[in-house]
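Student: I have a structure open and would like to learn how to read its features. Could we go through a few of them together?

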Amino acid sequence: MLPRIFGASAALLLLIVLGGPANADGLDRFEKLLKPKVPPGSLSYKSAKALGDSGFLLEDVTITPPPDQSSKAEPVHVKRISIEDLDFASIEKEVAPNFARVRAEGIAIEGKAAEGVDLKELAGIDKVAADFQLDYRLDPDRKTMTLNRLEFDLNGLGRFELTMILDGVSPEMAGKPNSAMDNTTLRTATFVYEDHSLLSKVVPAAAKMQGMDPIAAVTMTRGMLDGLGNGQGQAAQTVLNTAAAFVADYQQPKGALKITINPPNKTSAASLGDIKSADDAVKSLGLVVSYAGVPAAAAKSAGTAAAAVATAKPGCEPGGRLFVYHDDAWWSATARDAGKSGSECIARIEGESDDVVIALDKTMAWSIDGPGKALKKCSAGDKVVVLYKDGGWYPAKVTDDSDGKCPIKYKTDDDEEKVELKRMRHLD
């Protein structure tokens with residue numbers, strides 16, 4: 001049901017993001033070059049403004065699915081669509097952008113979400129209000145694709161969030177699915193679902209469609225999960241028991257369900273066909289599933305797999321995102337495991353193929369915007385980190401006050417440069 005609810009609005013958002021050649025400020029690029037690509041009558045809005053030269057904002061938006069599509073749906077109203085940052089340099093070359101940050105706030109879907117889908121009849125939902133975020137970056141040189149965030153927040157119902165890092169990605173793979181399946185490998189992925197009331201509505205509706213009682217449907221699902229665990233190791237049992245506990249609490253979950261994938265070796269989509277059992281999945285994917293509502297007895301029987309996760313040092317949980325200081329700069333990285341000494345973290349820097357061992361005092365919490373805090377103005381003497389074209393954040397010092405670009409001098413080689421505020425962060 002959810003893909004059909006968001007199909008029309010998501011498709012239009014992607015069309016806007018992946019549009020044609022561009023020039024001038026963000027709004028002018030949209031109005032003159034992207035808007036004509038939208039099907040007539042599909043998009044209307046009350047006001048718009050530029051967000052610098054790489055973005056634009058539309059307010060009070062109505063998205064109407066084309067009448068010739070196979071699945072007719074009602075218009076979708078959106079309070080605000082923000083294209084906050086977009087790689088127009090790539091778009092000018094008529095190739096997909098290497099980075100984009102998109103936000104849609106106040107998506108309102110009323111009546112029938114799609115043809116044959118009546119939310120009121122299925123789950124007693126009169127309307128859906130939602131927010132959507134997409135933030136990704138592709139590094140063509142390193143062939144690394146980082147999905148910083150893909151999020152659907154169904155206000156009052158539930159929230160879905162996905163982050164992911166893929167290696168071996170290149171623009172040339174567009175239109176070549178077989179090549180992508182064979183050559184793209186997953187470094188890490190995290191999926192989080194926070195339920196607010198959606199499961200208590202959807203599970204009974206799904207059971208009704210199958211002619212079953214909700215409790216009977218949940219019992220059957222738990223039985224299937226138990227069957228998958230027969231003859232499997234403790235790590236697989238932990239995953240399945242956690243999933244079963246979450247399903248059992250569908251009326252009121254006791255927290256979020258979090259699924260982390262942190263493969264010990266390169267894992268491509270094609271290689272997933274080799275997975276034959278729950279044990280295979282846990283071992284090859286580095287699969288960990290966590291949920292606060294797992295019964296105490298089941299949690300105690302989780303064994304060494306759960307213990308390893310629980311004892312990982314803060315900031316070094318396997319599969320977690322963090323910044324590490326290495327080779328004179330702060331780099332985005334993925335934690336692989338805690339070091340044996342307890343004072344180190346084994347991590348892999350984005351775009352690299354080998355792990356590095358980093359002291360915990362040389363790690364920093366992850367943020368989409370970069371390490372540390374945003375810089376509001378240039379003040380002489382401020383110690384900052386500056387994002388360089390190789391993806392590293394290098395220590396530097398602001399050399400003079402400025403209302404425009406900040407004059408800085410790098411710590412490692414004394415090179416000087418004038419830098420935009422958005423490329424700078426302040427470390428406490």
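**Reading disulfides, strands and backbone angles**

Student: Is cysteine 316 buried or exposed?

Tutor: Buried means under 20% relative accessible area, exposed means over 50%, and partly exposed lies in between (1.4 Å probe, protein chains only). Cysteine 316 has a relative accessible area of 0%, so cysteine 316 is buried. This is a predicted model, in which local features need pLDDT of at least 70 and side-chain atom pairs count only at pLDDT 80 or more, while totals for chains, interfaces and linings use all residues. Residues are numbered from 1 along each chain as its sequence is written, and side-chain values use heavy atoms, with hydrogens and water left out.

Student: How many disulfides does the structure hold?

Tutor: A disulfide is a pair of cysteine sulfur atoms within 2.5 Å. The structure holds two. One of them joins cysteine 316 to cysteine 345, with an S to S distance of 2.1 Å.

Student: Where in the chain are cysteine 316 and cysteine 345?

Tutor: Helices (H or I, at least four residues) and strands (E, at least two) are DSSP runs, numbered from the N terminus. Cysteine 316 is in the loop between α11 (303-311) and β14 (321-326), and cysteine 345 is in strand β16 (residues 344-349). The two are 29 residues apart, and the pair links distant parts of the chain. Cysteine 345 is also buried, at 0% relative accessible area.

Student: Why is the disulfide of cysteine 316 and cysteine 345 called right-handed?

Tutor: The handedness is read from the torsion about the S-S bond, which is about 90° here, so the disulfide is right-handed.

Student: Which cysteine forms a disulfide with cysteine 378?

Tutor: Cysteine 378 pairs with cysteine 406, and their sulfur atoms are 1.4 Å apart. This link has -75° about the S-S bond and is left-handed. Cysteine 378 lies in the loop between β19 (373-374) and β20 (383-387), and cysteine 406 lies in strand β22 (residues 406-410), so the pair ties together parts that are 28 residues apart in sequence. Cysteine 378 counts as buried at 5% relative accessibility, and cysteine 406 counts as buried at 0%.

Student: What pattern do the disulfides of the chain follow?

Tutor: Count the bonded cysteines along the chain, and the pattern reads 1-2, 3-4.

Student: Which residues does threonine 260 touch?

Tutor: Contact means heavy atoms within 4.5 Å. Leaving out residues up to four places away in sequence, threonine 260 touches Ala189, Thr190, Gly286, Leu287, Val288, Pro318 and Gly319. Threonine 260 is in strand β11 (residues 257-261) and is buried, at 9% relative accessible area.

Student: Where is leucine 150 found?

Tutor: Leucine 150 is in strand β8 (residues 144-154). Its relative accessible area is 28%, so leucine 150 is partly exposed. Its contacts, again without residues up to four places away in sequence, include Phe132, Leu134 and Phe160. From leucine 150 to tyrosine 136 there are 14 residues in sequence and 8.4 Å in space, C-alpha to C-alpha.

Student: What is the phi of aspartate 327?

Tutor: Phi of aspartate 327 is near 50°, a positive value in a residue other than glycine. Aspartate 327 sits in the loop between β14 and β15 (329-338) and is exposed, with a relative accessible area of 58%.

Student: Which value does phi take in aspartate 328?

Tutor: Phi of aspartate 328 is positive, about 70°, although aspartate 328 is not a glycine. Aspartate 328 is found in the loop between β14 and β15 and is partly exposed, at 41% relative accessible area.
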